[in-house]
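Please study the sequence and the structure shown here before reading the briefing.

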Amino acid sequence: MAGPLPLGDPAPADGRLPSDLSIDPAVPFSAYLHVPFCRVRCGYCDFNTYTSGELRGAKQEDYASTLLTEIDLARRVLADAGALRPMDTVFFGGGTPTLLPAGDLARMLDAAIDAFGLVDGAEITVEANPDTVTPEVARTLADAGVTRLSIGMQSAVPHVLAALDRTHRPENVTTAVAAAKDAGLAVSVDLIYGAPGESLADWEASLDAALALESDHVSAYALIIEDGTKLARQIRRGEVPAPDDDLQADMYELADARLAAAGFDWYEISNWSRGPEQRSRHNLAYWRGNDWWGFGPGAHSHVSGLRWWNVKHPAAYAQRLVASESPAAGTERPDAQSTMLERILLLSRIREGIAVDDLAADKRQRVAGLIADGLVDPTAAVRGRVQLTLRGRLLADAVVRELTD
């Protein structure tokens, strides 16, 4: 399970937003619907997810109905605050959303649409394990209004999947992608690189397999060792090696080159698409600091600088809602300095970068040094934007430190 929730102020039991919160109705609004169930816990994962033996009083079959109660709460809270807006994007994440019946996901989506509405051309994404995607599931999701499936491929190499505790069969990725395409859904495939025992040749094989799927979008994430995970314990005991930073850098450069050659453009450090229209608009909403409500246990929300997060366990989440209380566990309003730090951290990750004029005056002078070090694109800087080069993407944390410390 994930680590402890952040420290913050107590959240109001009725979920009401502060009366002095200044809400801009022009800011896009998104919904994240968390489905916290997994068949097994992957050794690297610290997300707020639960296997059947960890539910302790919560019932997976009741989950959709429970979440509908939070949707109704959100509608009332946002309407009272004058912040009710149609959704620009919807994202079902987890866990494994497709462990629920597709009809439950459709019911949750219908309730969200009834509560908030959708903008024209809204993006609606469901994350999926390859083993759970059948033609029937894909068609039910498409009929419900889902536009996009994000399939957790992770690797095409069996020993790498085993190192990650992934249980799906590599060949099922192909059938899942085919089912999604046949249903008219856009497709993204997610990859992880740097697993224990994974070689550069293994990673190249996974890239080749992902490109052969002819998806619209590819995400490739470096394996990060999170405290409290099984993999962290294995590394601490010396059972498996820790990720090699230099090898991961080589893997990233290989991914960028192979994806570019196949017609993909990077638009965020770990994400590539065939064109602007295939980018994940939901993830861009996070990086740009838009507003969103996160539904489900442990989910985080953000509206006009106010943040809050729900209780973690599904049973506690259900108990709050049954009692007609908000499931929020805590809330915070970061100060201007913290907000600017996060803004630089997030916007520097995406291709459009951050405006030089948005930096503090004493930090603008440092852009020239970042250009000299090959970390920032000089042409973009002349146009007033701080945009990372390939080397800059590999050293993004160093760029952020230089622009904020």
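Predicted model: local features only at pLDDT ≥ 70, side-chain atom pairs only at ≥ 80, totals over all residues.

Residues are numbered from 1 along each chain as its sequence is written, and side-chain values use heavy atoms, with hydrogens and water left out.

**Helix packing**

- The axes of α1 and α2 come within 10 Å and cross at roughly 10 degrees; axes are lines fitted to C-alpha atoms, for helices over the stretch in contact, and angles run from 0 to 180 degrees between N-to-C directions.
- Helix α1 is therefore roughly parallel to α2 (angles under 35 degrees count as roughly parallel, over 145 as roughly antiparallel, 65 to 115 as roughly perpendicular and the rest as oblique).
- Helices (H or I, at least four residues) and strands (E, at least two) are DSSP runs, numbered from the N terminus.
- In this pair, Y63, A64, S65, L67, L68, I71, A74, R75 and L78 of α1 meet D104, R107, M108, A111, A112, A115 and F116 of α2, where contact means heavy atoms within 4.5 Å.
- The contact of α1 with α2 has 12 nonpolar, 1 polar and 3 charged residues (Ala, Val, Leu, Ile, Met, Phe, Trp, Tyr, Cys and Pro count as nonpolar, Asp, Glu, Lys and Arg as charged, and the others, Gly among them, as polar).
- Helix α2 (residues 102–116) also packs with helix α3 (residues 135–144), at an angle of about 10 degrees and with their axes 9 Å apart.
- The helices α2 and α3 are therefore roughly parallel to each other.
- Residues A102, G103, L105, A106, L109 and D110 of α2 make this contact with V137, T140, L141 and A144 of α3.
- By class, the contact of α2 with α3 has 7 nonpolar, 2 polar and 1 charged residues.
- Helix α6 (residues 200–212) and helix α8 (residues 245–261) pack at an angle of about 25 degrees, their axes being 10 Å apart.
- That angle makes α6 roughly parallel to α8.
- The contact of α6 with α8 divides into 9 nonpolar, no polar and 4 charged residues.

**Backbone geometry**

- Most residues other than glycine have a negative phi, and most peptide bonds are trans.
- R56, which is not a glycine, has a positive phi of about 45 degrees, and R56 is found in the loop between β1 (29–35) and α1 (63–80).
- The peptide bond from G94 to G95 is cis, with omega near 15 degrees, and G95 is found in the loop between β2 (87–94) and α2.

**The second largest pocket**

- The lining of the second largest pocket has 4 nonpolar, 5 polar and 5 charged residues.
- Helix α11 (residues 336–347) supplies the largest share of this pocket's lining, 5 residues.
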